[in-house]
Amino acid sequence: MEEYGFSGPVAGSDIRNTLSKTFLWMFMGVLATAITAVYTFSSGLAIKFALEGTFAIIGIIQIVAVLVFSLIFRKASPTVVTVLFFAYSMLTGVTLSTIFLIYELETIIISLFASAGIFGILAYMGYNTNEDISSFGTILTVGLIIGLILSIINLFIGSSMMAIVLDWVILGI
């Protein structure tokens, strides 16, 4: 283990700090994906891409981005890694915009923003509390908070009871 610069037990605050940073990056990545997907669909680009058959090209570009990212992320500067991360997040958003053609818009938007919310709340908790954010109980608590927020949002936008129940089921999965 010495070859990796690790020479002993990792302190709890180091783990919490690392997890907090990871959750923050995931929050930003999922949020970028959600915003890009909503924009791609609402601007008509998703339908244009579907009719022109360019989603195959976008899929290939996304696979290439993953390969490039996995090959250079340890050697590249943090700026390059950040740009690649957000480029991949936005490519994923373009690719995911096709599901808006099949499923209800509000369900997908709620799902994407709820996922971002989970990571955002965990990052916030990691940075601002001394709680162990790697524990199952903390993650379940965050899931409960997101579920309550989703239920309140669903009540205000007039969703059916079935939509509210489905949100809880999807959140539980």
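Start by selecting Glu106, Ile110, Ala114, Gly117, Ile118, Ile121, Leu122 and Met125 in H5: they meet Thr138, Ile139, Val142, Ile145, Ile146, Leu150, Asn154 and Ile157 in H6, where contact means heavy atoms within 4.5 Å. By class, this contact of H5 with H6 has 12 nonpolar, three polar and one charged residues. This is a predicted model, in which local features need pLDDT of at least 70 and side-chain atom pairs count only at pLDDT 80 or more, while totals for chains, interfaces and linings use all residues. Residues are numbered from 1 along each chain as its sequence is written, and side-chain values use heavy atoms, with hydrogens and water left out.

H5 covers residues 105–128 and H6 covers residues 136–157; they pack at about 140 degrees with axes 10 Å apart.

Now colour the largest nonpolar core, 10 residues: Phe23, Ile110, Ala114, Leu122, Ala123, Met125, Ile133, Val142, Ile146 and Leu150. A core here is a set of buried Ala, Val, Leu, Ile, Met, Phe, Trp, Tyr and Cys residues joined through side-chain atoms within 4.5 Å, and buried means under 20% relative accessible area with a 1.4 Å probe, protein chains only. H5 and H6 each supply at least two of its residues, and the largest share, five residues, comes from H5.

Zoom in on Ala123. Leaving aside neighbours within four places in sequence, Ala123 is in contact with Ser20, Phe23 and Leu24.

Last stop: a second, separate core of six residues, including Phe49, Ala65, Leu91 and Val94.

Notes
Axes are lines fitted to C-alpha atoms, for helices over the stretch in contact, and angles run from 0 to 180 degrees between N-to-C directions. Helices (H or I, at least four residues) and strands (E, at least two) are DSSP runs, numbered from the N terminus. Ala, Val, Leu, Ile, Met, Phe, Trp, Tyr, Cys and Pro count as nonpolar, Asp, Glu, Lys and Arg as charged, and the others, Gly among them, as polar. Buried means under 20% relative accessible area, exposed over 50%, partly exposed in between (1.4 Å probe, protein chains only).
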